[in-house]
Amino acid sequence: MTVVEYLFSFDFGYHEVKNKIYNHPLEFLKLKTAKETFTALIISCSDFDDAAHFHMQCSDGSQNWNMSILKTLIKAKGEIDNDIYSDFARLLAASSNVESANIPSSVAGSGCSNCEGHKLQKKFKSMSMEEALEWLQTTNMPSGDTFRQFLKRHGHRCIQESDVRSITWEMEPKSLVKLLQNLAGAGKEVAKNKNDIDNVLSELQVPLGFISKCYLRFVLPMCRRGIRGREAGKAITMKAFDHWRKGYRRLGKLMVSEGRLPDADLLYFFTLEEVKELLETRSPGLISKAIHRRKMYPTLEKYVFPEIMKGLPKPINDEDDSADAHEYVADLTMKGTPVSQAWEILITLSTDIGWSPYFPIVSGVVTEIGGLISHGAVISREYGIPCIVGLQGATKKFRTGDYILLDGKKGILQRLPQPE
């Protein structure tokens with residue numbers, strides 16, 4: 001396949017890969033012994049290769065088309081500045097049907113929408129989690145239908161979804177229900193940016209010639225297609241990973257029932273080679289090693305590492321790493337509002353799909369890690385939410401309760417004085 005053919009076919013085969021993953025027989029969930037289950041799990045790894053390959057293929061295609069837009073803007077401007085980043089974000093907005101953008105809208109519709117009345121919202125918020133979950137699973141009202149459709153489509157996802165130890169929304173929907181109760185009636189209506197290409201081009205700050213505008217009219221649909229393909233590929237990959245997660249959870253339960261583990265959670269702290277050895281030898285030394293790793297995990301989980309490292313990885317030293325040493329880049333303006341359940345600005349190290357349910361209510365998003373096509377940036381653009389990405393040190397400089405200003409023109413995230 002030539003480079004040109006690849007650029008126009010990077011997302012071909014989506015339905016074939018999706019059907020293969022979603023209809024996988026999951027034979028490893030039907031076996032009776034831990035040894036059989038582990039062997040079947042290892043063999044099944046190759047069954048899921050297509051999902052990861054499709055995701056990487058779409059990501060590569062998306063990256064190539066995005067670079068084409070960036071080069072065009074840089075060539076027209078003659079330098080890289082905030083106008084370039086701002087115009088790039090504006091061009092990539094309104095990529096309709098992005099998979100991960102469906103999550104915030106579905107969550108907003110699951111927590112008793114405004115059309116169902118404020119009395120029902122109040123009643124829903126007052127329910128226990130068990131009562132609320134049962135109501136959402138059985139009611140014929142729109143909120144219940146949306147909730148059930150959400151779990152069917154996105155139930156395999158969660159915060160830290162690439163961690164096999166994480167609990168998905170499908171496995172434990174109560175955590176999601178609690179969020180829905182907190183958000184009921186608090187979300188704001190967010191109008192998606194539906195500007196056509198000509199309108200978007202007319203709003204750009206970078207001066208473009210006739211040829212450049214014609215080129216962008218051709219390239220932009222491919223860039224938006226790339227973003228949709230990348231997000232769809234990620235969803236399929238996470239579905240495949242969730243199959244593995246379910247198999248691993250079953251393996252842990254079987255090993256406990258066979259007296260090979262003291263508890264199923266400990267399985268996550270062995271390497272695959274050690275699991276194989278434990279199934280053959282029942283080594284107490286391996287058990288002790290895993291217990292030690294689990295004790296160390298809460299400390300290790302707090303470590304933050306630089307995006308680019310040389311030599312052995314070392315966590316960032318908070319005393320030496322100052323947010324003042326980094327350049328702040330923003331692309332939109334947003335003034336902070338009183339901290340409450342809704343309308344607050346989210347400042348975090350990074351976001352993944354598990355953060356998506358919060359997007360219907362936040363007024364801005366700031367992440368220390370990420371780029372112009374990272375999860376936080378993509379979803380923020382889809383919902384018209386101001387977003388700053390790559391703002392290193394932000395979580396150390398700001399705290400819950402601060403009033404802040406996101407100034408896109410100056411590229412500054414600034415603390416404001418508390419109102420009287």
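Which residues touch the most other members of the largest nonpolar core? In this predicted model, they are Ile69, Leu91, Tyr248, Leu251, Met255, Phe270 and Val275, out of 87 residues in that core. A nonpolar core here is a set of buried Ala, Val, Leu, Ile, Met, Phe, Trp, Tyr and Cys residues joined through side-chain atoms within 4.5 Å, and buried means under 20% relative accessible area with a 1.4 Å probe, protein chains only. Helix α12 (residues 210-257) gives the core its largest share, 13 residues. A second, separate core has 9 residues, among them Ile345, Val366, Ile388 and Ala394.

Let us stay with α12 and meet a partner. Helix α3 (residues 34-44) packs with α12 at about 160°, the axes being 9 Å apart; axes are lines fitted to C-alpha atoms over the stretch in contact, with angles from 0 to 180 degrees between N-to-C directions. The two are therefore roughly antiparallel, a word kept for angles over 145 degrees. Tyr248, Leu251 and Met255 are among the α12 residues in this contact, and Phe38 and Leu41 are among those from α3, where contact means heavy atoms within 4.5 Å.

Now for another pair. The axes of α8 (residues 129-138) and α9 (residues 142-154) come within 7 Å and cross at roughly 90°, so these helices are roughly perpendicular, the term for 65 to 115 degrees. Leu133 and Trp135 are among the α8 residues that meet α9, whose side includes Phe147 and Arg148.

A note on reading: residues are numbered from 1 along each chain as its sequence is written. Local features need pLDDT of at least 70, side-chain atom pairs count only at pLDDT 80 or more, totals for chains, interfaces and linings use all residues, and side-chain values use heavy atoms, leaving out hydrogens and water.

Key
Helices (H or I, at least four residues) and strands (E, at least two) are DSSP runs, numbered from the N terminus. Angles under 35 degrees count as roughly parallel, over 145 as roughly antiparallel, 65 to 115 as roughly perpendicular and the rest as oblique. Buried means under 20% relative accessible area, exposed over 50%, partly exposed in between (1.4 Å probe, protein chains only).
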